[in-house]
Amino acid sequence: MTADTGQADGPAPATQSAGSASAAAQLANWHHDLVELVDGWAWVRTLNDQLTGVLAPWRERYQDNPVLELMHGGRWLGHPLHPALSDLPIGLWAGSAFLDFIDRDPAPEGGLDPAGLFTAAGIAAAVATAATGVVDWTVSDDQDRRVGLFHGVLNTAALGLQGLSLTARLAGHRGTARGLGAAGLAVTGAAAYLGGHLVFAKAVMVSRVAGADGPRRWVRVVEEAELPDDVPTGVQADGRQILLYRHDGTLYALDNLCSHAGGLLSRGAVEGLTVTCPLHGSQYCLADGSVRRGPSHQPQPVIRTRVRNGWVEVRGNQPAPRRRPANGRK
């Protein structure tokens with residue numbers, strides 16, 4: 001009777017649908033699962049702690065060095081240097097693979113052929129890219145730092161494969177060189193994917209204050225009598241975090257989130273009207289928000305302030321300009 005009514009077969013489509021939905025969800029989230037897997041590897045965490053113990057003190061010691069700041073990109077370039085350099089080895093090694101593909105000469109001749117020249121140039125570019133990557137890595141945190149470390153491990157492996165490929169090519173083993181070069185390019189692609197995750201999914205080395213423009217009206221944030229002198233103070237106005245600092249009767253205000261990595265500037269030290277981010281040591285001028293020291297490469301937005309009826313008020317955007325009639329009358 002159950003078979004005649006079809007009740008026994010009723011739930012089956014729902015079960016199949018649920019299974020299909022689960023499989024689709026796993027397929028859609030594979031990249032998140034991959035990052036969590038990498039972050040959980042014990043050897044990655046151990047290596048991360050060991051390298052941090054060595055490189056963090058080194059960076060703190062030399063963070064005022066202009067060369068180190070330039071390797072970040074810093075205030076002079078306006079954005080990190082590492083992503084721009086990373087295009088060079090990828091392009092050169094891809095060019096080498098293309099030359100190998102169109103040149104089918106089986107002759108085992110030694111020496112530096114055009115594909116080998118591309119490989120060698122890519123190796124040189126990769127060394128410079130790795131140096132800037134290490135500098136950027138020292139100012140990352142938590143999971144971003146561990147995933148960035150694995151990104152670097154993959155790039156190091158790719159660099160090693162390309163080095164072996166060049167050695168084999170010089171020795172006349174072109175078939176072996178082609179295989180090693182292709183393997184190195186594949187590993188580079190995997191590393192580039194993780195690099196893209198860090199930038200586009202985690203906003204590493206991306207300005208944390210881009211697009212911040214509120215509040216669009218004057219908002220009371222603190223009573224003037226309660227604002228201490230020469231003490232950085234964090235307040236909120238319409239959901240935006242703002243740093244207030246009063247010195248010799250002059251009130252300064254910046255976006256409180258460091259543009260480099262989102263650290264709270266109100267928790268940093270102020271000296272000579274320069275505030276230092278407590279996370280990675282970026283420094284900003286309180287008067288105009290300009291970068292005094294990297295790794296930050298973008299200035300802090302300046303917030304307008306005024307005192308009305310015993311309250312400190314803040315406002316972000318400048319009001320829209322009034323339109324004038326064509327005849328010039330207001």
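Trainee: How does Trp58 count, as buried, exposed or partly exposed?

Mentor: Trp58 is partly exposed, as its relative accessible area is 34%. Buried means under 20% relative accessible area, exposed means over 50%, and partly exposed lies in between, with a 1.4 Å probe and protein chains only. Please keep in mind that this is a predicted model, where local features need pLDDT of at least 70 and side-chain atom pairs count only at pLDDT 80 or more, while totals for chains, interfaces and linings use all residues. Residues are numbered from 1 along each chain as its sequence is written, and side-chain values use heavy atoms, with hydrogens and water left out.

Trainee: OK, and how many helices and strands are there in the chain?

Mentor: The protein chain has 10 helices and 10 strands; these are DSSP runs numbered from the N terminus, with at least four residues of H or I for a helix and at least two of E for a strand. Of the 330 residues in the chain, 37% are buried.

Trainee: How many aromatic pairs does the structure hold?

Mentor: The structure holds 5 aromatic pairs, where rings of Phe, Tyr and Trp (its six-membered ring) pair if their centres lie within 6.5 Å, and planes under 30 degrees apart count as stacked, over 60 as edge-to-face and the rest as tilted. One of them is the stacked pair of Trp30 and Tyr193, with 5.5 Å from centre to centre and 20° between the planes. This pair links distant parts of the chain, since Trp30 is in helix α3 and Tyr193 in helix α10, 163 residues apart. Another is the pair of Trp58 and Tyr62, which is tilted, at 6.4 Å centre to centre and 50° between the planes.

Trainee: How far apart are Trp58 and Tyr62 along helix α4?

Mentor: They are 4 residues apart in α4, so about one helical turn separates Trp58 from Tyr62. Like Trp58, which is partly exposed, Tyr62 is partly exposed, at a relative accessible area of 35%.

Trainee: Which residues of α3 are buried?

Mentor: In helix α3, residues 30–40, the buried ones are Val35, Val38 and Asp39. They are on the same side of α3, because they cover an arc of only 100° around the axis, the arc being that of the directions from the helix axis to the C-beta atoms.

Trainee: What covers them?

Mentor: The cover of the buried residues of α3 includes α4 (42–62), α9 (142–170) and α10 (174–201), and contact here means heavy atoms within 4.5 Å.

Trainee: Switching to strands, what is the order in the open sheet of 3 strands?

Mentor: The order is β1-β10-β9, with antiparallel pairing, and two strands pair if DSSP finds at least two bridges between them. At the edges are β1 (219–223) and β9 (304–308), each of which pairs on one side only. Between β1 and strand β10 (residues 311–315), the antiparallel pairing runs over 4 bridges, and in β10 Val312 is the bridge partner of Val222.

Trainee: And which residues are on the covered face of β2?

Mentor: In strand β2 (residues 233–237), Thr233, Val235 and Ala237 make up the covered face, whereas Gly234 and Gln236 make up the uncovered one. In a regular strand the side chains alternate between the two faces of the sheet. Strand β2 is joined by 5 bridges to strand β3 (residues 240–247), and the two run antiparallel. Their hairpin has 2 residues between the strands, and Asp238 takes a positive phi near 55° there.

Trainee: Where is Leu273, and what is its phi?

Mentor: Leu273 lies in the loop between β5 (270–271) and β6 (274–276), and although Leu273 is not a glycine, its phi is positive, at about 60°. Ala203, in the loop between α10 and β1, also has a positive phi of about 60° without being a glycine.

Trainee: Which peptide bond at Pro295 is cis?

Mentor: The bond from Gly294 to Pro295 is cis, with omega near 20°, and Pro295 is in the loop between β8 and β9. The bond from Gly214 to Pro215 is also cis, with omega near -5°, and Pro215 is found in the loop between α10 and β1.

Trainee: Last one: how far is Val291 from Trp76?

Mentor: They are 215 residues apart in sequence and 9.7 Å apart in space, taken from C-alpha to C-alpha. Val291 is in strand β8 (residues 291–293) and is buried, at a relative accessible area of 10%.
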